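Student: I'd like to learn how to read this model, feature by feature. Can we start with charged pairs?

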Amino acid sequence: MKLVVYGKEDLNILEDWVTTLFSPVVNKGVQPLVQDGHHPYEPPQQNREIHVVPVKDLRMLELSFPLPTVQDQYLSKPHRILSYVLGYEGRGSLLAYFKAMGYANSLSAGISKDFADWSLFSVKINLTHEGVANYRAMAQAVFHYIDLVMAAPPDALATYFHEAQALATLGFRFRNQEQPIHYVSWLTSNMQKYPVHHVVAGPSLLHEHDDAEVRQLLALLHPSRVRLTLVSKSLTPDATEPWLHAAYSDSPLSSSASPFSMESPAIDMAELHLPPLINPFIPTSFDLLPSSDPSTHDMHVLRDDHRGRVWFKPGNSFGKPKASVRLKIYHSVAYASPLHAVLTELFVSCIRDKVAQDLYDADVAGTSVGLSSAPTGVTLHVDGYSDTLPLVVAKVAAIVASPVDMEASFARLKDKLVRGYANAALDEPHVHAAALRTWVLTTPVWTTPEKLDAATDDVTWQHLVQHATVLFQDGFKEAFVYGNVDKVTCDDFADMYQYLDVDRAVVGRPDDNIIDGTRNDGAIDGDEGAPLMPSPRRNIRLDGNYVVRERNPNPSNPNAAVLVLFQLGQDSTSLRATSVLLAHLVKVPCFSTLRTTEQLGYLVSSGQYIANNVIYLSMSVQSNKYSPLHLQSRLDAFCESFRVHLQTLSGDLFQQHQAAVVAQLMEAPKTYEEESARLWHEIAGETYEFDRREQVAAVVPTVTLADVVDVVDTKLAGVATRHRLCVQIFAPTDDMHMDGEEEGATVIVDRAEFKRHLGLFPARTRISAGAIPLAKL
């Protein structure tokens, strides 16, 4: 048994606690069972080819190799070198090679199973349709690349090791503070594997390079030892797994000792080469700027005009030589129709794919690049060491400006996006319920089936680039620079993003059939020449109790789910305070009653939900035993019992709940990423209430128990006064009736008519360019 105790008390007190509480535990001297020299994948289970038919439209190739344990090699970690070179994504890599052929979208390599007596090294590749057809040629390319690594001179492998060693040391040196509950769990696990003096750093640091150990592992990655698994819906296996009923086949790969050695290559192996020996993105300067006061938000607006806005928070509250740059591009074209939403997502996917290849070295060196799309536009996030951040930002801007190199990836990424839309129908019922909640309550909104229909074959690369040109050239750009950078560097970032644009020289004349109609109803006009801002999303104002029903579209998933939203009202500081306190009071009784006592299902959750200027209380249950109607009745019964529970709550206990909520709201961010994300949340939401948590925390102590009881009476338990939406996802075998009435509620049969019938909450007031109040700073 291993034990870690983490606390604020001094060591003498902690030692006394441990001695008193754990001394009675008898040490029986039982040693863990370690089967030295044995492996679950012995020679009869090697050199096998397994085919599996998935439920979702997934395509994957996995090459797995049984290895002896690597835990005793923690000082040198030879498997890290293999993971790096085989999993490299830059030019000349296996993944770049497969992408160029249209065979794969992603690849990972490393130890997938790690035990005291055996381990498993796996190369996993997410395939395209063409990749499934050419999987054996892809396997051959993997073994060819392994041969390249084996043939590499010792100096090259030593260089990879020393680079990995330097980056591991940087990561350990500037590691973020962890949550105590996670840290103690991690330490107890490490105590089972490492000597005491290496418990903290053993999993992270690399101490010594051993070329022989690397080559010994390489020798075990031999075709005769591989377990090749191919996953695709196009396969026709001959057996069914008895427990999960998955269709599969398992047969010998080849009688040859090298089953891939005689196959002719389907692509030019000369395109493959090892990673470069020098990584230009490894930081060398770790100077820190003066720290800012963590108790203040210290936000500055450097620019604010009709083209864009730049926010800046300098300093170093966490002692890290790191910084982040975020940019959001707003434009009504991003979400004007299902087609435009598809084009926005697809162009973001193309940029991500290009960044993953061209800036893989930056990612390895600790600077990450993220891109995402939303109904209001596109967001770019670059985060990492402040020394190399300007170099990465400049290269990202260059990638966006010159999309011509992305054209080869268009068909592959479009197929991936379409499959993602199709596979969404097979998500877990509670996930489907959350999506349905948004589709019913929010406008404008495009459903996943609508986007799937829009992603037709006649959407071309030229259409995509023309769409991106309008988005990037004419969009309103709002940036946030945070961390260990000065104002001069921030201005440089602002200049770079202000003129971020797709090069029109590679675009040509826009196609009116694609670009026309970019304005959705309610789009906001600015001054002449100003960007066309997207209209704010708004939520339906419920006037009673409504139910929306759908069947779980996955016939092999026996689960049902219910998601209940109690509409509390328009967003305000006072309602946020009341609702966050109510959510805190509900959380434990809801889980203990529905999950522990009644055992309705494994997934039970509750909490405050805020969307588009409206506040709700949400409750959700997923079950494989009960229908949504039964789950709904038990949620209703819980609301009644919770009402009684509140009426018996003592004043002292209520004050303890208030204090706990205030403490959560006032808890300072533990990392620079957390603080940056909090500030960006306000910017991206166009609210700019940087002291919102403090505002709400100040109001929570003024909320009385009578206030909370009144909300429960009128908004949760009161059938005649509450405004509620129930999303019911029926299991494949459940009876489902789309009747127009249910006891105390109306079943929504026609969603479009439902939205036309009800009014909308007002949109949040948008602050115009050049009008940021001083109070926000």
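Tutor: A salt bridge here is a side-chain nitrogen of Lys or Arg within 4 Å of a carboxyl oxygen of Asp or Glu. Glutamate 674 makes one with arginine 678, with the closest N and O atoms 3.2 Å apart. Before we go on: this is a predicted model, where local features need pLDDT of at least 70, side-chain atom pairs count only at pLDDT 80 or more, and totals for chains, interfaces and linings use all residues. Residues are numbered from 1 along each chain as its sequence is written, and side-chain values use heavy atoms, leaving out hydrogens and water.

Student: Where do glutamate 674 and arginine 678 lie?

Tutor: Helices are DSSP runs of H or I with at least four residues, strands are E runs of at least two, and both are numbered from the N terminus. Both residues sit in helix α21, four residues apart, which is about one turn of the helix.

Student: Which pair links distant parts of the chain?

Tutor: Look at glutamate 675 and lysine 313, whose closest N and O atoms are 3.9 Å apart. Glutamate 675 is in helix α21 (residues 672-684) and lysine 313 in strand β9 (residues 308-314), 362 residues apart.

Student: Is glutamate 675 buried or exposed?

Tutor: Buried means under 20% relative accessible area, exposed means over 50%, and partly exposed is in between (1.4 Å probe, protein chains only). Glutamate 675 counts as buried because its relative accessibility is 7%. Lysine 313 is buried too, at 1%. Glutamate 674, at 30%, is partly exposed.

Student: How many salt bridges are there in the whole structure?

Tutor: A search finds 29. One of them joins aspartate 415 to arginine 419, at 3.3 Å between the closest N and O atoms.

Student: What about the nonpolar core? Which residues have the most contacts inside it?

Tutor: A nonpolar core is a set of buried Ala, Val, Leu, Ile, Met, Phe, Trp, Tyr and Cys residues joined through side-chain atoms within 4.5 Å. The largest one here has 58 residues, and those with the most contacts inside it include Ile351, Leu359 and Phe472. Helix α9 (residues 338-358) gives the most to this core, with eight residues.

Student: And which domains does this core draw on?

Tutor: Domain bounds come from an automatic or database domain assignment. The core takes at least three residues from each of domain 1 (45-252) and domain 2 (295-497).
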